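Hi,

Here is the structure I promised to pass on. Have a look at it first, then read my notes below.

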Amino acid sequence: MIENKVCPKCRSKEIGQGKQIGHGKMLPVNNTFMSLGSNIVADICTECGYILEMRVEKPHKFK
Ligand SMILES: [Zn+2]
């Protein structure tokens with residue numbers, strides 16, 4: 001559980017973390033090598049399923 005996060009849809013504080021792998025990988029647009037992509041992690045409301053935030057695990061790869 002992540003502290004201080006509240007779902008804007010249902011006001012639940014039960015926020016979990018999800019991870020997109022495989023086809024959910026985000027790649028830099030100028031990079032065609034799959035291995036250099038980064039997984040996407042998301043903060044998800046475990047009550048209603050709303051995704052509060054999505055981000056890549058390794059943002060420096062997109063510089
Ligand atoms: Zn919610």
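Predicted model: local features only at pLDDT ≥ 70, side-chain atom pairs only at ≥ 80, totals over all residues.

**The overall layout**

The strands make an open sheet in the order E1-E2-E3, and the pairing is antiparallel. At the edges sit strand E1 (15-20) and strand E3 (51-56), each of which pairs on one side only. From one strand to the next, the twist averages 20°.

As for the individual pairings, E1 and E2 run antiparallel to each other over 6 bridges. Strand E2 (residues 40-45) and E3 do likewise, over 5 bridges. If you want a landmark there, take Val41: its bridge partner in E3 is Arg55. The hairpin of E2 and E3 has 5 residues between the strands, and in it Gly49 takes a positive phi near 90°.

How much of the protein is buried? Of its 63 residues, 25% count as buried. Strand E2 has 5 of its 6 residues buried, so it is largely enclosed by the rest of the structure. On contacts: taking those with a separation of 6 or more, 45% are between residues 24 or more positions apart.

**The zinc site**

Which residues coordinate the zinc ion? They are Cys7, Cys10, Cys45 and Cys48, each through its SG atom, at 2.3 Å. The site is tetrahedral, with angles of 105 to 115° among the 4 donor atoms. Along the sequence, the donor residues follow the spacing C-x2-C-x34-C-x2-C.

Is Cys45 buried or exposed? Cys45 has a relative accessible area of 1%, and because the cut-off for buried is under 20%, it counts as buried. Cys48 is partly exposed, with a relative accessible area of 43%.

**Ser12, in the segment before E1**

Ser12 is found in the segment before E1, and it is buried, with a relative accessible area of 10%. Its side chain reaches the backbone nitrogen of Glu14 at 3.0 Å. Leaving out residues up to four places away in sequence, Ser12 touches Lys5, Val6, Cys7, Cys45 and Glu47.

**Lys19, on strand E1**

Lys19 has its place in strand E1. Buried or exposed? Lys19 is exposed, since its relative accessible area is 51% and the cut-off for exposed is over 50%. Setting aside neighbours within four places in sequence, Lys19 is in contact with Asn39, Ile40, Val41 and Glu57. One of these, Ile40, is 21 residues apart from Lys19 along the chain, yet their C-alpha atoms are separated by 5.8 Å. With Glu57, the side chain of Lys19 makes a polar contact of 3.3 Å.

Cheers

How values were computed. Residues numbered from 1 in each chain as written. Heavy atoms only, no water. Pairing = 2+ DSSP bridges. Helix = DSSP H or I, 4+ residues; strand = E, 2+ residues; numbered from the N terminus. Axes fitted to C-alpha atoms, helices over the stretch in contact; angles between N-to-C directions. Donors = N, O, S within 2.8 Å, 3.2 Å for Na, K, Ca; no water. Tetrahedral: all angles 85-135°; square planar, octahedral: opposite > 155°, others 65-115°. Buried < 20%, exposed > 50% of the residue type's maximum accessible area, 1.4 Å probe, protein only. Contact = heavy atoms within 4.5 Å. Polar contact = N/O pair within 3.5 Å; in protein donor to acceptor, adjacent residues only side chain to side chain.
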